[in-house]
Amino acid sequence: MLELKDVSVKYGSFTAVQNVNLDVSEGQIVVLLGANGAGKSTVFRTISGLNKAASGSTHFEGSSISKSSPDKIVKSGIVQCAEGRKLFPMMTVYENLKMGAFVHRSHRKKTKDSMEYVFELFPTLSEKQNDMAGSLSGGQQQMLAIGRALMAKPKLMLLDEPSIGLAPLIVEQMFEVIQKINREGTTILLAEQNANAALKIADKGYVFENGSVVLEGTSEELFSNDEVRKAYIGA
Amino acid sequence: MKILKRQYIILAMLLFAIFFPLVTQNEYLVHVMTLSFIWMIGVYGLNLLAGYTGYLSLAHAGFFAIGAYSLGLLTVKAQMNFWAAFVLALVITSVIGFLVGLLALRTKEHFFAIYTLCVGYIIYLVIDKWESLTEGVRGLIGIPAPGNIGPISFQTPLSQYYLVLSILLLSVLAMYRIIHSLTGRTYIAIRNSEDLAQAIGISTIKNKLTAFVLSTFFAGLSGALYASFIRFIGPDIGHTVITFDLLTYLLVGGIGTLSGPIVGTVLVVWISQQLQFLQDYRMLIFGPVLTLLVIFYPRGIVGAIASWTNKQAGRMKQRSLRDEKKEDSFPSSDIAPENQVKEG
């Protein structure tokens, strides 16, 4: 479904990501593991067109998206849910969700259906739909960020560190929801530092270090790999 | 209840504007008020771009001047029908706005401000130096007053006052519709974070360009009205000083608020009139006041009032909640976090 071939990304003369190869098949949950600054977010920004790759190519459903603009990429079905729960804090929950359906703005029915789906998935958002997004708690903000990404009806959702800064119980709920979204037909590419929780729900994973992939395999393989256990699971 | 109150305020302002010239009977005051209305239209244009989209254009007076000079040249030199020239002036301003926007919007933040500052100054220089077309420093004299619309003529100051007022009301209404539509929310999203806006599929280039063109359209509208009202224009109207005047009105009233341009323009224009005996020393008062305002009330007077009423509403809600709890003799517990103040 999504394929990155030898992708390198530079910030000025600094190479943030070097010769990365990724392969995500339809229906999977794929996780990118790695510490801060390993290049996971840069890979995400490159997939969604916010950064341009210096070399290499990105293909989505058989066609190249390396040179597409971010809005075209969203229209083609890849939606990023950025790290740090980036919302429009001065807009209400409802308005935030409405903005998520921007690419489908001419299809009222579709937007309404997606809104109902999101409210079903996160009943709290339905209760708080007229509250300012900035007044929500951390967990609720993350729900809203995911909900807003879902409003675009993505085929592939990029989730950048959904567990960051959340209480353990909320993290657990968040991963359950991610699994549910996946079962209902959305392929998921996930960047995480919480390797334990992420590998439990993932089909396969890639381990990033200093901008390149140092290890890849199914979640079982990674889970039983000593180095991964030592570095990311702590056991 | 809050909405009801807001409606009363709007109604009161509207009635005041309608009856103002009849009550004062002072032609000078009516003149100043008409001029304020004209500035307000320009400030609304600046507000859409700088306030809602987050791009501070300092070429605004340049586009104001393009609107004024287009109207002036088309009526005086080309002898065109007034209203045809008026519409064409708006088209010319918007087209130049489009072309400038294409280039200027490749930059961001302070680079954008600096770039547009230069564009504005170049527009001023072109008007000043291109004597064969614009008459240079001598200016354009004899611009006609607005032509008749059917039986209504606009030769008297009073009729011009009402013409400008109607156009202002239409502009405010248009602005209200834009801000409360998906387009407006798209602009706010871009101001909020351009990356985020792109990540949810907004073509930021397209939307920034429409905001820029709309903003120049209102600048042109304001300029064309100015030319037909004052009936004499010189290159000074395109000077950056005018841009900063407009920006001052916006900052005082409230940048990124719907009623800010009205409040700010009326207030600053009125205060400058009152302080005229101080001549240029007025700036000694304006400077510090503006600085303090920007530091403590970045969203101007309107923003300050809005956050104050929100706070009051929050306090009222908390108090009534506390009372309820006492009546029900509940064991004391913390007050729900929903009652935190929301600033809008």
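The model is a predicted one, in which local features need pLDDT of at least 70 and side-chain atom pairs count only at pLDDT 80 or more, while totals for chains, interfaces and linings use all residues. Residues are numbered from 1 along each chain as its sequence is written, and chains are lettered from A, with ligands numbered from 1, in the order in which they are written.

Helix α8 of chain B (residues 182-192) has several buried residues, among them Arg185(B), Tyr187(B) and Arg191(B). The buried residues of α8(B) pack against α2, α9 and α10 of chain B and also against α3 (93-100) of chain A.

Between the chains, 23 residues of chain A are in contact with 17 residues of chain B, a contact being two C-beta atoms, placed from the backbone, within 7 Å. On the side of chain A that touches chain B, α2 (70-76) and α3 of chain A are the elements that give two or more residues, and α2(A) gives the most, with four residues. The residues of that side divide into twelve nonpolar, five polar and six charged.

Within chain A, an open sheet of four strands has the order β2-β1-β4-β5, with antiparallel pairing; strands count as paired if DSSP finds at least two bridges between them. Because β2 (14-24) and β5 (63-64) of chain A stand at the edges with a single partner strand each, one side of each is left without a neighbour in the sheet. Strands β1 (residues 2-11) and β4 (residues 55-60) of chain A pair over five bridges, and Leu4(A) stands opposite Thr58(A) in β4(A).

Strand β6 of chain A (residues 78-81) is covered on both faces, with Ile78(A) and Gln80(A) buried on one side and Val79(A) and Cys81(A) buried on the other. Four bridges join β6(A) to β7 (residues 156-160) of chain A in a parallel run, and Cys81(A) stands opposite Leu159(A) in β7(A).

Technical notes
A residue is buried if 20 or more other C-beta atoms lie within 10 Å of its own, exposed if 12 or fewer, and partly exposed in between; C-beta atoms are placed from the backbone. Ala, Val, Leu, Ile, Met, Phe, Trp, Tyr, Cys and Pro count as nonpolar, Asp, Glu, Lys and Arg as charged, and the others, Gly among them, as polar.
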